[in-house]
Amino acid sequence: MNSDAPTPAPTYDYLLVGGGAAGLSLAYHLAQEPRLAGKRVLLIEPVAKDRNDRTWSFWTDAPGLFDEAIAHEWHKIAFRSPGFERTFDLKKYSYRTLRGLDFYQFVHRALGARPAQFTHLCAEVADLVNTDTGVQARTTDGQVFTAHYAFDSRPPAIEPQPDTHRYLLQHFVGWEVETTREVFDPQVMEFMDFRGAQHHEARFIYVLPFSSRRALVEYTLFSPTPLAKAEYEAHIVNYLEHTLGLDSSQYQVVAEEMGAIPMTDHPLPARVGARIINLGTRAGRAKPSTGYAFQRIQAQSARVVRALATTGHPPANPTGDKWQFRLFDTLLLDIMQRQGETTRDLFAQLFEHNPVERIFQFLDEKTSWLDNLRIMNSVAAGPFMRSIAQVLRGRPGQR
């Protein structure tokens, strides 16, 4: 044997490209499936996940794989707008929040306990292609890896087509604050507080109260363009000082977060060729009309792992998305893009005329045709009719 011959790249069963919510969720789902315990998995992520860079929140009516890592949960939510406000008992649901660092550490501990199954590499994938026998990944430093299937959760590279699709962002800045007096109700999270000026966009305050003196307060928008950071912060200060009645000496900022989540009906394919499956935002898992992604990521991970364990192959349809809910998303995006300030009234009508369970089921894309009809009948028809006309013309609405 020639000892100078290059060592062939190792062959893995599954290659996971990206170690954020989608990549690590799929890895953890794989680790929990006994029928796949003999599979070799390579996880490649560009940087180590060693800081709390984000928070995921979601509602659920069932136990989840990451319950041990949940930071907090609530059983009541509040919706507020100038003409309507109500606090809702979530009944069978709870609203939960999960800190990024807790999630990363939880998953990496589980993967580290299975060294024969999982290999972890910090590198950036420059090229990922289908081959005759599987997939090949090449990193920016020249390493080459092969596998039977790849699961790609890198952020999508979207070339906007504004004449045919809609492009918005859910963008936000959040302050975790501590106060010197009790101003938060720790039993009630503020789901949407639309009482502030809308400025021709959808703008609201979102609050996760961890105690009566500590909460995450976010200023969130659904609009095409992010603001200067100081503008978000000015609205948070206004909420703290005018809505809650604090002065600047009565609170301190202990942590910050900011982000921008794509909200678009631009096609985001769930697979590329025969053996590359897209995950996360790359596969449209951020719901176009709300930006919520975590539970949609879990549903896709469960669907993929179930098929791998049962058939040895990923499912032909990796997401299971239904066309009618894609249409609903497109219509709401069109309204937001065309006349964003009406979003406040539509959400107010939605919460005023429907039980919260139906709203959550609708946003989870689990409602029946009858409940979809009830939802649509509960909100003003005019904005949707104009957006239906835009969809039929094949052109997004414009202000």
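User: Where is the place of S81?

Analyst: S81 sits in strand β5, which covers residues 76-81. Strands here are DSSP runs (E, at least two residues), helices are runs of H or I with at least four, and both are numbered from the N terminus. A word on the source: this is a predicted model, where local features need pLDDT of at least 70 and side-chain atom pairs count only at pLDDT 80 or more, while totals for chains, interfaces and linings use all residues. Residues are numbered from 1 along each chain as its sequence is written, and side-chain values use heavy atoms, with hydrogens and water left out.

User: What makes S81 count as buried?

Analyst: Buried means under 20% relative accessible area, exposed means over 50%, and partly exposed is in between (1.4 Å probe, protein chains only). S81 has 5% relative accessibility, so it counts as buried. Not counting residues up to four places away in sequence, S81 touches F194, R195, R344 and A348; a contact is heavy atoms within 4.5 Å.

User: Why is K91 called exposed?

Analyst: Its relative accessible area is 61%, so K91 is exposed. K91 is in the loop between β6 and β7 (94-99). Its phi is near 55 degrees, a positive value in a residue other than glycine. Most residues other than glycine have a negative phi.

User: Why are α5 and α6 called oblique to each other?

Analyst: Helix α5 (residues 323-339) and helix α6 (residues 342-353) pack at about 140 degrees, with axes 9 Å apart. Axes are lines fitted to C-alpha atoms, for helices over the stretch in contact, and angles run from 0 to 180 degrees between N-to-C directions. Under 35 degrees is roughly parallel, over 145 roughly antiparallel, 65 to 115 roughly perpendicular, and the rest oblique. The pair is therefore oblique.

User: Which residues of α5 and α6 meet?

Analyst: L332, I335, M336 and Q339 in α5 meet T342, T343, L346 and F347 in α6. By class, that contact has 5 nonpolar, 3 polar and no charged residues. Nonpolar covers Ala, Val, Leu, Ile, Met, Phe, Trp, Tyr, Cys and Pro; charged covers Asp, Glu, Lys and Arg; the others, Gly among them, are polar.

User: What makes a group of residues a nonpolar core?

Analyst: A nonpolar core is a set of buried Ala, Val, Leu, Ile, Met, Phe, Trp, Tyr and Cys residues joined through side-chain atoms within 4.5 Å. The largest one has 42 residues, and those with the most contacts inside it are I77, F79, Y95, F191 and F351. Helix α5 gives the most to this core, with 7 residues. Leaving aside neighbours within four places in sequence, F191 is in contact with residues including W59, I77, Y95 and F351. A second, separate core of 38 residues includes Y28, A31, F118 and I277.
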